[in-house]
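Subject: Structure handover

Hi,

Here is the structure for you to take over. Please open it first, then read my notes below.

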Amino acid sequence: MKDRGKKIFLAASVIVPFMLYCGYYYGMMVKNAPYKFSEFESFTYRYGTGDSLLNQYDSKTQNYQYIDSDDSLVKTKLKLTKDDLLYLHRKATDYGFWDFPTQIRGRKDQAGVNSPHYYIKFKYKRKSKEVYFDLNYDGNPKLKDAVRVLIETINKSLDEAQARTETNKPA
């Protein structure tokens, strides 16, 4: 067998099966992923100080209520597009939301402090993931930063959707 033939045989017998196995293995991982956007049902986001989570959004009902700068409660309908929800789903994946613990709270001795609290829930057909986050959490700084950036991303998406809604309103 010539040298060129040996190289082709080696590539065909080692590299091709390896590539086929990789395709099969990762294909099964993606197929069986518990948090797939194709199974997405709804997204819930609540925040406030202390135990009061007055500010809230639910993508299923499209109800959005928040306290404005005049300290009055505003209730409105806010529709996040499928692209907005896909963006939030992907950002949650990027920040490791699926691996966050359910409760990310501060120390017990700081319970009297009215720090901001956040509740985030992604609901899918087979599974759901919810996280309750207390901003005075003083544990793992990487976890705190990941949740904080995810919260900023959610707030930005809600603000953009609200701006779109206001510009599309008839005068």
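D71 is exposed, because its relative accessible area is 67% and exposed means over 50%. The model is a predicted one. D71 sits in the loop between β3 and β4 (73-77). Its backbone stands out too: D71 has a positive phi of about 60°, yet D71 is not a glycine.

Q62 is the next residue to look at. Here too phi is positive, at about 65°, and Q62 is not a glycine. Look for Q62 in the loop that links β2 (55-58) to β3 (63-67).

Now the helices. Helix α2 covers residues 82-94, and helix α3 covers residues 141-168. The two pack at an angle of about 170°. Their axes are 10 Å apart. The angle makes α2 roughly antiparallel to α3, because angles over 145 degrees count as such.

Which residues of α2 and α3 meet? From α2 come D84, Y87, L88, K91 and A92. From α3 come L150, T153, I154, K156, S157, A161 and R164. By class, this contact has six nonpolar, two polar and four charged residues.

Those are my notes.

Best wishes

Terms used:
Residues numbered from 1 in each chain as written. Predicted model: local features only at pLDDT ≥ 70, side-chain atom pairs only at ≥ 80, totals over all residues. Heavy atoms only, no water. Axes fitted to C-alpha atoms, helices over the stretch in contact; angles between N-to-C directions. Helix = DSSP H or I, 4+ residues; strand = E, 2+ residues; numbered from the N terminus. Parallel < 35°, antiparallel > 145°, perpendicular 65-115°, else oblique. Contact = heavy atoms within 4.5 Å. Nonpolar A, V, L, I, M, F, W, Y, C, P; charged D, E, K, R; others polar. Buried < 20%, exposed > 50% of the residue type's maximum accessible area, 1.4 Å probe, protein only.
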